[in-house]
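Hi everyone, thanks for coming. Let me put the structure up on the screen, and then I'll walk you through it.

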Amino acid sequence: MTYRIGSAQGFYGDDVLKALPMIRGGHVDVVCFEALSELTLAILQKDKLANPKRGYTFDVKLIAQKILPEAFARKIPLITNGGGLNPQAAAEMVRETAAAQGLTGLKVAAVSGDDVLARLSDLQAAGEALRHLETGEVLADSANQNFVTANVYLGAAPIVEALHAGADIVITGRVADPCLYLAPLIAHYGWAWDDWDRLAAGIVVGHLLECTGQVVGGNSLGMIAHTDAVGLAALGYPIAHVEADGSFILSKTPDTPGQVTLETVKEQLLYEVHDPSRYITPDVVADFTTLRLQAAGADAVLVAGVTGRSRTDTLKLNLGRLEGFSRELIFTIGWPEAWRKVEQMKAMLGAIFARMPGIARVDYSYLGMNSLYGSLSPLPPDPLEVIVRVMFTADDQDTLKNAVRQIMTTGLSGPAGMSVSGTTVGGEPRYVIGLWPTLIGRERVQPQVEVMTV
Amino acid sequence: MRRLYDLAYGRSGDKGNIVNLSVIARSPEAYQEIKAKLTAARVKAHLGDLVKGDVVRYEMDNIEALNFVCHAALDGGATRSLRIDSLGKSLAGALLYMVWDE
């Protein structure tokens, strides 16, 4: 019997209510919500520092209020990594919300153990160098040790355990995105933990589903000539119909806008992928180069032939550290002699920055001219207008605020015709977070599963 | 004149300071052409100062696509980049803009 997985979230802030037509229509057996990006955890850390009961995505509240009652009534489990940095607090909030709605007997599971921020010293003392995956630098040798997040990408196992314990909703911290979707397949079909080809097939299911709209016609260059732009505002989110052998048909919520074609599937298959023959996940190394795609009717693509190899001895660990703050200002400059004015403005700003030693990085770009493609973009010789975007950073917010004040004092003293966008003057400094991706021994991480009953 | 976009489409994806650019052929003939001629070195030269590090090419004959992994290509990555397109969402377009033949 085909098992059907719906995907209703691809990032923090996605429209999780897209789960409702899937559930009400009887189109799915489980719905997964993928909420975490590299940036999201750093955002959640700010919430958690302000209030220790926070640190999870607010979408979980919406899921508990609007979706969980309908899913529970139909015995459709929900799985989300929106627990972020505080899956236990999120689970407790869901339990309270469910109790207030009278959902007696509902089971909420929290999966934790991914957060190793408090263990960084111990792990290094135990021999983990935590070398940067891209630069090879040893963590202890890095000058900036201001780490605010450190989360291991967990695999499917703790979610499978929670589902076997009868969880109606599973709330996790950092679980590798596709493993959220692999887990219910393992729980349903009983795939073995060394059945590499099927595990890899489940990873491809998850990889294609985890970015919701991006596989049903959103962000599709390949189908741009056939895109119903009005429909983009109400795309139906994707559903995978998975067989016991791991083959599956990718489709979407029936009777909704969007399109599932060979083009949309190919685009998503390679999204955020490096070596497609070695897509490394906590549970299996998946090979995308053996699979076959075949059109299988309207908005349906068959995926078969995925293969996999044994999992690695290490897990990925991503650390985030505070590297200061950035500020953006946008200036407009018009003809005549626009380029001369731009050079004069840059010289003037440079003089202001030079007398403020706290200013670290400064970056100029010309919006509409070279801000996307850099040196690929030839600059016009005598433009009617130039929009100059200036980004600058400092360790502290006060330096940036002071810099903006000093720049604004030149309002009547700058180059001819210079003007500044008022909305950017009124803006606030933004956090600059540096990432430190690394690997950690699998044996050092013990996921925990807690189940509470309403 | 043809650009690479006449032969292929694609999408970019960010992971840390690395961006991957998929190049998906519009036909079997186009795939043979880009597979033969679109080398990593050619991509690196085309992208210029957008990519500070190495470019590695992967082939996917099964879906007639190439994947280019560009290192040090996002000004530090989404969380610290000063670029207006900090996620590199537009960068696949930079590659597809390549002049293919005159």
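Two bits of housekeeping. This is a predicted model, so to speak: local features need pLDDT of at least 70, side-chain atom pairs count only at pLDDT 80 or more, and totals for chains, interfaces and linings use all residues. Residues are numbered from 1 along each chain as its sequence is written, with chains lettered from A and ligands numbered from 1 in the order in which they are written.

Okay, chain A. Its C-alpha atoms fill a box of roughly 75 × 55 × 45 Å along the principal axes. A compact globule of 454 residues would have a radius of gyration near 22 Å, and chain A, at 25 Å, agrees with that. That radius is taken over C-alpha atoms, and the globule rule is 2.2 Å times the number of residues to the power 0.38. Buried residues make up 46% of the chain; buried means 20 or more other C-beta atoms within 10 Å of the residue's own, with C-beta atoms placed from the backbone.

For secondary structure, chain A has 12 helices and 19 strands. Those are DSSP runs numbered from the N terminus, helices being H or I with at least four residues and strands E with at least two.

Now, in what order do the strands of the open sheet run? There are 10 of them in chain A, going E11-E12-E8-E7-E1-E2-E3-E6-E4-E19, with mixed pairing. Two strands pair if DSSP finds at least two bridges between them. The edges are E11 and E19 (448-453) of chain A, each pairing on one side only. From one strand to the next, the twist averages 20 degrees.

Zooming in, E1 (residues 3-9) and E2 (residues 30-33) of chain A pair in the parallel sense over four bridges. There, A:Ser7 stands opposite A:Cys32 in E2(A).

Methods
Axes are lines fitted to C-alpha atoms, for helices over the stretch in contact, and angles run from 0 to 180 degrees between N-to-C directions. A residue is buried if 20 or more other C-beta atoms lie within 10 Å of its own, exposed if 12 or fewer, and partly exposed in between; C-beta atoms are placed from the backbone.
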